[in-house]
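Here are my notes on the model, point by point. Please read them alongside the structure.

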Amino acid sequence: MDLKLDFSILKTLTELPGIAGRENAVRQYLKNLLSAYADDMRTDVTGNLIVYKKGSSDKNLLFCAHMDEVGLMVHHVDERGFLRFVTVGGIDPRTLLAQRVRVQTREGELPGVIGTKPAHITTEADRGKAVGVKELFIDIGLSGEEAKKRVEAGDWAVLDRSCEELGDGLVCAKALDNRAGVFVLAEIVRALKNPFYNVYAVFTVQEEVGLRGAATAAFGVDADVSLCLDTTGAADIPGCAPQDYITVLGGGAGITALDARTITNPVLFEKLKQICDKNGIRRQVRVAPRGGNDAGAVHLSKTGIPTCGLSIPTRNIHSNVEIVSKADVADVFRLAYAAAQEGLGDITL
Ligand SMILES: [Zn+2]
């Protein structure tokens, strides 16, 4: 298995805007990227992009990777042109202070910043306190009249951050959750040649607000087995104890044993570990009692689908400085690719 990943695609993917329910730019990019490699491609009612590649058996493998990122939606434009917003998906307001954003309007993008009271006018009691979303606003530098003309409730915003290489083989960007998983799945579609399974590569919507796209996608595909590609927290940082790391950056592909939504079928779990060991793919087991991903919705679809979440360790997850390791991304790719190409064998309990 000597397959090179084109990380320029990951950079492009992270810089596209696409909060939950507003994934169009990502979907359009993937359609263009993958149409030459697909035996069939369609978008379902919910917005999931379903890319099909025919295999050599009569078994179906459902891959999921969610396109959406966490972000902001405007709910009010005030008299002086400041935008008030709600968060879409789980964002810690501490990570929003003093950030640049790109507001998506019907006429295109507007740059803005998230304003904060400067230190000079905060009181002693305010200082060092966490700030709530209600105390934050987006400043787009326009008068009230002009702002109301150009922005309305329902417009949305993403954090503004270009994708940069960092340190030794790391990538730092916004939306690596889950454009890193999307990238892996796109590269699998591009690399597979006559795989064992009929592969349904589904780029799902609205994962960050409750696995909504995956629920309809899984219902629409008769899957024998499913692998969900997503990022997961790597809490290997100062202030966290080793037993709370969940995963370690640079430690290889995360294979989920348990998270808040799923306990992986034990036969499938063992098969995936065996594929890693046979192919020299570095792996770590993910036990994340507070996390969840598309696997949570997929494994309960219809009469049940054996499903495992394959995870890319990510530091600072759900912020605009998420960090992944290119080596981990490659490990998840090699594991998922091998599973699709060679098959997983009998996974009945
Ligand atoms: Zn995710």
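1. On a 1 Å grid over the protein atoms alone, a cavity is a set of points where a 1.4 Å probe fits but cannot get out, and its lining residues have an atom within 4 Å of a point. The largest cavity is lined by E69, V70, L159, K174, A175, D177, H318, S319, N320 and E322.

2. This is a predicted model, in which local features need pLDDT of at least 70, side-chain atom pairs count only at pLDDT 80 or more, and totals for chains, interfaces and linings use all residues. Residues are numbered from 1 along each chain as its sequence is written, and side-chain values use heavy atoms, with hydrogens and water left out.

3. The zinc ion is coordinated by H66 (NE2), D177 (OD), D230 (OD) and D230 (OD), at 2.0 to 2.7 Å. Donors here are N, O and S atoms within 2.8 Å of the metal (3.2 Å for Na, K and Ca); water is not among the atoms, so the site may look incomplete.

4. The donor residues follow the spacing H-x110-D-x52-D. D177 lies in helix 4 (residues 176-191) and D230 in strand 13 (residues 225-233), so the pair ties together parts 53 residues apart in sequence. Helices (H or I, at least four residues) and strands (E, at least two) are DSSP runs, numbered from the N terminus.

5. Both D177 and D230 are buried, meaning under 20% relative accessible area with a 1.4 Å probe, protein chains only. T14, found in helix 1 (residues 7-15), is buried as well, with a relative accessible area of 0%.

Terms used:
On a 1 Å grid over the protein atoms alone, a cavity is a set of points where a 1.4 Å probe fits but cannot get out, and a pocket is an open set with protein on both sides within 12 Å along at least five of seven lines; lining residues have an atom within 4 Å of a point. Buried means under 20% relative accessible area, exposed over 50%, partly exposed in between (1.4 Å probe, protein chains only).
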